[in-house]
Amino acid sequence: MDIRATAIGLVCTALAAVLLNGCTTVPVTGRSQLMFYGEKSDIELGEESWKEIQKQEKRSSDAGYNQALNRIGPNLAKVAERPDYKWEFVVFDSKEPNAFCLPGGKVAVYSALFELVDNDAELATVVGHEVSHALARHGVERMSQGTLQSLGGALVTAAVGSEWDSAYQATSNLALMLPYSRTQEYEADQLGLILMAKAGYDPAAALTFWDKFRKLSQTGTVAEFLSTHPDGDKRLERLKQQLPAARQYYEKAAVKRGLGTVY
């Protein structure tokens, strides 16, 4: 067996072991995470990024979009139980149907996404998903994984030479980094489903929204393997399995909003 290939395999195996035995635990799912950075630095990084993003992006002047986001956003923030977050909810003009939440509760929804939502509950699906990424510290987890990957690359270079660095990077990306991205997406789906249910929005709306999104961005098996996002059919199947548990939170919600305002 080629000793250099063996060295690469051993490094990737060691990295996988560290990733699977992380330092923190995700709420609800209980998954272990690798974290090299404290949560205070998360929020500070989010604040700085938010300042830069607002300089680059144009805020939407659409009253309906802004009212909808600021109607459902605080409801989700309340059940997120992070009073230390300085929550903000902003609609940016964009032709890309997307959204994000930075550490510290900075939530943005792009205007094009409103073309895919028919009611407050579907919008809560999107916002809940993005807020869940922040609550689970997925961005910082990715940074930590990247740091570990860079360390592994340095070890491979030192052990077998720089000519094998590209092989290591390709192997570790496919074996370690991309699957974790898909894990985080599934996790944000599950946490977001619970979050919207606790806020009083019918969790079944998550199925209708992701079904529409699936039809726009559906991928095949091979494409999913090379992608950071899960296959739409698999995503829907998992959400269907998680729906009964989410309904229990919905039944206990202080206010049942159902679908909320229909657009």
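What is the volume of the second largest pocket? Let's find out, keeping in mind that this is a predicted model.

## The second largest pocket

The volume of the second largest pocket comes to about 230 Å³. Its lining is made up of 13 residues, and those nearest the centre are Pro27, Val28, Leu135, Leu195 and Lys198.

Where do the lining residues come from? Sorted by class, the lining holds nine nonpolar residues, three charged ones and one polar one.

## A sheet of three strands

Now for the strands. Three of them form an open sheet in the order β3-β5-β4, and the pairing is mixed. At the edges sit β3 and β4 (99-102), each of which pairs on one side only. On average, neighbouring strands here are turned by 15° against each other, ignoring direction.

In general, the strands of a sheet pair through backbone hydrogen bonds, in either a parallel or an antiparallel way. Strands β3 and β5 (residues 106-110) take the parallel sense, with five bridges.

Helix α3 lies across β3 and β5 and runs at about 150° to β3. Helix α4 lies across β3, β4 and β5, at about 35° to β4.

## A residue to look up: Glu81

Glu81 is found in the loop between α3 (63-80) and β3 (88-92). Although Glu81 is not a glycine, its phi is positive, at about 55°. Is Glu81 buried or exposed? Glu81 is exposed, because its relative accessible area is 59%, and exposed means over 50%.

Key
Residues numbered from 1 in each chain as written. Predicted model: local features only at pLDDT ≥ 70, side-chain atom pairs only at ≥ 80, totals over all residues. Heavy atoms only, no water. Helix = DSSP H or I, 4+ residues; strand = E, 2+ residues; numbered from the N terminus. Buried < 20%, exposed > 50% of the residue type's maximum accessible area, 1.4 Å probe, protein only. 1 Å grid on protein atoms, 1.4 Å probe; cavity = no way out; pocket = protein on both sides within 12 Å on 5 of 7 lines; lining within 4 Å. Points joined across faces, edges and corners; volume = space filled by probe spheres on them. Nonpolar A, V, L, I, M, F, W, Y, C, P; charged D, E, K, R; others polar. Pairing = 2+ DSSP bridges. Axes fitted to C-alpha atoms, helices over the stretch in contact; angles between N-to-C directions. Contact = heavy atoms within 4.5 Å.
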